[in-house]
Amino acid sequence: MDDVPLLEIRHLEKVYDNGFHADKDISFSIPSGKLVGLIGPNGCGKTTMMRCINKMHEPTSGDILIDGKSVLPMTPAQVARLVSNVPAEMTASFGLTVFETVMLGRYPYLQNMWWETEEDETLVIKTLEKFGVAHLQDRPLNMLSSGERQRVLIAKAYVQQPRLMLVDEPTSHLDMKYKLDVMEYLKAMVKQDMTILVAEHDISLMARYCDLCIIMKKGELVVVGDPKKVITEKLIEDVYEVSSSVGLDRDGELYILPKKYIGSDAF
């Protein structure tokens, strides 16, 4: 099984009922034990692809495999044991506490409708400690700061013990300190038996932390590879219609400095 990709997308197509072609013949594979950035302009198909992976949406055609097995015939519970999700924002918390929110991550493993096991509780408590939110466990989720809430949502996904974690725009509402904090947690969470796929607009952040980047434009795959090799000034211009400076800082980290939008003569 060592040579079987953790995630493989084969000729994925998604066309919505209104005729919008969101994903067009997407094919790639990624191994286990990687932090992978999924980047591209708004509307490029990132979120649609992630929703097809976790079966929130059914692909129009193509296949999605985890550990060599297609997720298409799987039940939601079976998929949830392989794939966990971290939304950009939890729109409704229903008054749940931090502890109760993280415990929801154990739902795919519950043996009956209502009761968690002692092992579930132990795992949740250890995870709350791991993510530095144990002192908040009795606080309602909607009473937390954005940074604290994001860590709780990541902890919820972590206790699912997935093979693949899908993280949608984890830093979109965070200040600089919490952006780095969240990415440090994600980087530390990557293990040999788990890969994390992060959809994010901050290209410099992705270039700094990710092992691989998947870059999309208008529903199509542009390139997959090491961010230091594939992210160039030409790629930024082709994908975002923006002129930029791309280089390495004194620590050898890639940076991207946007300079000018070149897609319109309006100004």
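Is Phe 20 buried, partly exposed or exposed? The model is a predicted one, and in it Phe 20 has 45% relative accessibility, so it counts as partly exposed. The cut-offs explain the label, because buried means under 20% and exposed means over 50%.

Start with the rings. There are 3 aromatic pairs in the model. Tyr 16 and Phe 20 make up one of them, and this pair is stacked. The ring centres lie 6.5 Å apart, with 10° between the planes. Tyr 16 comes out at 25% relative accessibility, so it too is partly exposed.

Phe 131 and Tyr 185 form another stacked pair. Here the centre-to-centre distance is 5.3 Å and the angle between the planes is 20°. Phe 131 has a relative accessible area of 0%, so it is buried. Phe 131 and Tyr 185 also share one aromatic cluster with Tyr 158.

The charged end of Lys 177 sits over the ring of Tyr 178, at 5.3 Å from the ring centre. Arg 208 places its charged end over the ring of Tyr 209, and there the distance to the centre is 5.6 Å.

Now turn to helix α1, which spans residues 46-53. How many of its 8 residues are buried? The count is 6, so the helix is mostly covered. The buried residues are Lys 46, Thr 48, Met 49, Met 50, Cys 52 and Ile 53. Lys 55 follows α1 and is found in the loop between α1 and β4 (61-66).

The backbone of Lys 55 deserves a look. Its phi is positive, about 70°, although the residue is not a glycine. Most residues other than glycine have a negative phi. Asp 25 is another non-glycine residue with a positive phi, near 50°. Asp 25 lies within strand β2, residues 21-30. At 43% relative accessibility, Asp 25 is partly exposed.

Next come the cysteines. How many disulfides does the model contain? The count is 0. For Cys 44, the nearest cysteine sulfur is that of Cys 213, 13 Å away. A disulfide needs the two sulfur atoms within 2.5 Å, so Cys 44 is in none. Cys 44 is buried, at 2% relative accessibility. Cys 213 is in no disulfide either, and its nearest cysteine sulfur, that of Cys 210, is 5.0 Å away. With a relative accessible area of 0%, Cys 213 is buried.

The last stop is Arg 81. Where is Arg 81 placed? It is in the loop between α2 (76-80) and β6 (83-86). Its relative accessible area is 40%, so Arg 81 is partly exposed. Which residues is Arg 81 in contact with, leaving aside neighbours within four places in sequence? They are Pro 108, Tyr 109, Gln 161 and Pro 162. Arg 81 and Gly 105 are 24 residues apart in sequence, and their C-alpha atoms are 9.7 Å apart in space.

How values were computed. Residues are numbered from 1 along each chain as its sequence is written. This is a predicted model: local features need pLDDT of at least 70, side-chain atom pairs count only at pLDDT 80 or more; totals for chains, interfaces and linings use all residues. Side-chain values use heavy atoms; hydrogens and water are left out. Buried means under 20% relative accessible area, exposed over 50%, partly exposed in between (1.4 Å probe, protein chains only). Helices (H or I, at least four residues) and strands (E, at least two) are DSSP runs, numbered from the N terminus. Rings of Phe, Tyr and Trp (its six-membered ring) pair if their centres lie within 6.5 Å; planes under 30 degrees apart count as stacked, over 60 as edge-to-face and the rest as tilted. A charge sits over a ring if NZ of Lys or CZ of Arg is within 6 Å of the ring centre and within 35 degrees of the ring normal. Contact means heavy atoms within 4.5 Å.
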